Structures are given as C-alpha cells and as structure tokens.
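User: I have a structure open and would like to learn how to read it. Can we go through it feature by feature?

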Amino acid sequence: MIIEPVPSRLRVRIACAAVAALLCACGPGGPKRDTGGGGGGGPSPGITLLAGDAATAGSVDNKGAFARFNMPRGVAVDTNGNVYVADQANFAIRKITPDGTVSTFAGQRGTSGTRDANGNSARFSMPTAITIDGSGNLYVTDATAIRKITPDATVSTVVTFPVGDFGGDTRLYPGGIAADGAGNLVVTSGVDTRRIPLSNPGRWTRLEQGAVDILPGATDMIARGIAVRDDNTAYVADLQRTISRTTSGATGLSRFAGTPGQAGNDDGNASTARFQQLAALAADKDGNLYAADAVTNVVRKITTNATVTTPAGTIGATALRAGRLPGSFATLRGIAVGADGTLYAASGNAVVKIVLP
C-alpha cells in the first residue's frame with residue numbers, strides 16, 4: 001500500500017486546528033501551570049512573600065519586594081484582607097493591600113513622638129503589637145501607652161501606664177494585645193497581663209504578675225502573644241512559658257497547654273508540648289491557635305483540644321526560605337490569620353503569607 005504524503009497546505013491547517021482545540025480546552029492564555037490547589041482553585045500550601053525584604057531594613061512605600069520595613073512586629077488583618085503592621089523602628093503603622101502594595105497608614109516614617117492626630121500627622125514612639133476589633137478599629141501598644149486608630153486613620157490615646165510599672169526597662173514594655181467582643185483589651189508585658197475595659201481604661205484588672213527570664217545579652221523586647229477566640233476566651237503566652245486562658249469576667253488565668261517553666265520545642269498534647277518564646281498568637285474561625293516563636297522561628301498550631309504541631313518553619317533557622325512547607329523564617333515577631341485561614345507573619349524585615357494544608 002502506498003501512503004500519499006499530506007500536502008504542506010493541509011499540514012498547516014491540521015496544526016492550526018490542534019492549537020485552537022488546545023486553547024479552547026485550556027481557556028484564555030493557553031495551558032495552565034498546576035498550582036497544586038487540589039482542583040478547587042485555591043492557593044497551594046507554602047510560604048510566599050507579601051511585602052518587604054526579610055534581610056534588608058528600610059523605609060519605602062512600594063509594592064511587594066520593593067517595599068521596606070524596619071523591624072515589623074505586630075500584624076492584624078481586616079475583613080477586606082488588608083494587613084496592618086506595627087513597624088517599630090520606623091515609628092509607623094503600615095498598610096498592605098491584598099496585592100502587596102504598602103502605604104503608611106498612620107504616623108510618619110522615621111519620626112518618633114507621641115501625637116494624637118490623623119494619618120501621617122500622628123506620631124508613635126515604639127509601636128509593637130497590634131490588634132483589630134469588630135468595627136475595624138486598630139489598637140496598638142506604643143511604649144507604655146495604648147493607642148487607638150479608627151478606620152479613617154484618626155489616632156487617639158486610650159491609656160498611658162507609668163514607666164515604673166515595667167521597671168523602666170523597654171524590654172519589659174507592653175508587647176502583646178488583643179481585643180475581645182465584650183469591650184476589653186487584654187495586654188501583656190514582661191511583668192504582667194492586664195484586662196483593660198475600654199469604657200473605663202483606668203480601672204484595669206491584673207490577671208497575672210511576675211517577671212520573664214531575660215537571657216544574658218538580650219536587647220530585644222520580650223513580647224508575649226495574645227489571641228481571642230469567637231467565644232471571647234483570651235489565650236495568653238503566659239509568664240511560665242505555657243499558654244493559659246481567661247474569660248472576659250475572670251480575674252486570673254488557667255493553664256491550657258504546656259508545662260510551667262519548661263522551655264522546648266516538643267509537639268504533642270497539652271501536658272507534653274513545650275514552647276520557647278511565643279511572641280504572637282492568632283486564632284482562626286474554627287478556634288485553632290497559631291503561635292510565632294521568636295526563639296526557634298517556627299509557627300506552632302494549637303487545636304481546640306490543645307494538640308500542638310509545628311506546621312511551618314525549621315527550628316533554629318534564621319533566614320527566610322519561601323516555597324513549599326516547612327520552609328524557614330527569619331526572626332518571627334508577629335502573626336495574624338485572615339478570614340480565609342491564610343496566616344500572615346512578620347519575618348525579619350518582611351511580611352509573608354503562609355497557607356497550610
């Protein structure tokens with residue numbers, strides 16, 4: 001049997017038809033790269049850079065990797081997915097939109113002070129922890145003061161505590177804050193935990209008192225995280241290196257996970273898990289807690305039944321490595337969780353997104 005060669009013009013038509021069919025099957029833009037989203041269109045588990053450069057400090061409003069922060073600490077997320085950052089060494093509150101665009105929301109980058117005003121006319125001296133309430137108001141620990149920032153960037157001072165409350169040591173200043181749904185703020189410092197009613201901030205309640213162990217040569221703030229679940233139960237990285245909890249009407253803390261005075265990295269149940277320095281805590285809509293460990297630079301997950309795992313980060317790593325989990329982080333100082341379960345963390349001089357399986 002003799003097979004006649006296909007004429008060149010017909011070969012071209014066949015090739016064009018095949019390309020058209022492929023484009024129709026794949027949609028605009030041709031074949032798509034597999035994102036590992038399981039067919040649901042969601043992002044793949046892993047660590048991605050949102051804004052800044054973990055290894056480079058600076059003061060630049062820009063997009064993504066072109067922006068710069070200087071020791072970002074507290075992180076909070078609003079219902080629209082905007083991320084707010086307490087940029088400590090820039091004396092400002094920065095805003096990151098979902099596409100990674102960074103602007104200065106309140107305060108003046110590079111200018112320290114204490115001034116209640118709107119937007120860039122306001123001044124901060126040491127913004128560290130940050131939280132957001134159900135009305136979109138931000139609350140920031142700023143040296144020994146608690147500052148409030150409304151959605152239109154108007155800054156006011158809720159309360160200022162005497163420097164002597166913290167021994168005059170900046171390492172012991174308030175460095176953790178969370179707002180509950182009952183009109184209270186819960187604030188940690190290096191010497192105590194306080195519940196502050198917004199209706200009468202001067203009549204606060206001390207929930208625990210003591211002193212954290214400061215390692216020889218340590219110069220950084222000893223921050224302790226706080227998170228509030230939807231039932232208004234507050235969870236605190238307490239002075240004993242465990243996680244404790246308190247309800248809005250309680251006058252003290254009760255232990256939830258960990259063993260008092262025993263630092264470590266062990267995962268497990270409430271009695272076997274160990275923690276180092278949990279500088280920040282966040283809670284998702286299901287009640288799971290996520291902790292940023294500022295010593296070992298890992299993210300810990302604590303379920304509602306106090307089961308502890310380490311889903312992201314490599315113990316002892318000091319550089320950010322994005323991509324597949326577990327990855328690694330530069331120094332972790334803040335963590336927050338969005339409505340969709342995405343985690344946001346301050347790592348070195350950057351803010352990253354963490355998607356867990």
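Predicted model: local features only at pLDDT ≥ 70, side-chain atom pairs only at ≥ 80, totals over all residues.

User: How much space lies in the second largest pocket?

Analyst: About 510 Å³. The lining has 27 residues, and the closest to the pocket's centre are Asp 213, Ile 222, Arg 241, Gln 277 and Val 295.

User: Now aromatic rings. How is a pair of aromatic rings described?

Analyst: By two values: the distance of the centres and the angle of the planes. This structure holds five aromatic pairs. Take Tyr 84 and Phe 105: their centres are 5.2 Å apart, with 65° between the planes. Planes over 60 degrees apart count as edge-to-face, so this pair is edge-to-face.

User: Which parts does the pair of Tyr 84 and Phe 105 tie together?

Analyst: Tyr 84 lies in strand S3 (residues 83-87) and Phe 105 in strand S5 (residues 102-106), so the pair ties together parts 21 residues apart in sequence.

User: Is Tyr 84 buried or exposed?

Analyst: Tyr 84 has 7% relative accessibility and counts as buried. Phe 105 is buried too, with a relative accessible area of 14%. Another pair is Phe 161 and Phe 166: the centres are 6.4 Å apart and the planes at 80°, so this one is edge-to-face. Phe 161 is buried at 5%, and Phe 166 is buried at 1%. Ring pairs link Phe 161, Phe 166, Tyr 173 and Trp 204 into a cluster.

User: Which charged end sits over the ring of Phe 161?

Analyst: That of Arg 194, 4.6 Å from the ring centre. Likewise, the charged end of Arg 147 sits over the ring of Phe 124, at 4.9 Å from its centre.

User: Back to strands. Where do the side chains of a regular strand go?

Analyst: They alternate between the two faces of the sheet. In S3, Val 83, Val 85 and Asp 87 are on one side, and Tyr 84 and Ala 86 are on the other. Both faces are covered. Five of the five residues of S3 are buried, so S3 is largely enclosed by the rest of the structure.

User: How many bridges join strand S2 to S3?

Analyst: Four, and the two strands run antiparallel. Val 75 stands opposite Val 85. S2 and S3 form a hairpin with five residues between them, and Gly 81 in the turn has a positive phi of about 85°. S3 also pairs with strand S4 (residues 92-96), antiparallel over five bridges. There, Val 85 stands opposite Arg 94.

Technical notes. Residues numbered from 1 in each chain as written. Heavy atoms only, no water. Phe/Tyr/Trp six-rings, centres within 6.5 Å; stacked < 30°, edge-to-face > 60°. Buried < 20%, exposed > 50% of the residue type's maximum accessible area, 1.4 Å probe, protein only. Lys NZ or Arg CZ within 6 Å of the ring centre and 35° of its normal. 1 Å grid on protein atoms, 1.4 Å probe; cavity = no way out; pocket = protein on both sides within 12 Å on 5 of 7 lines; lining within 4 Å. Points joined across faces, edges and corners; volume = space filled by probe spheres on them. Pairing = 2+ DSSP bridges.
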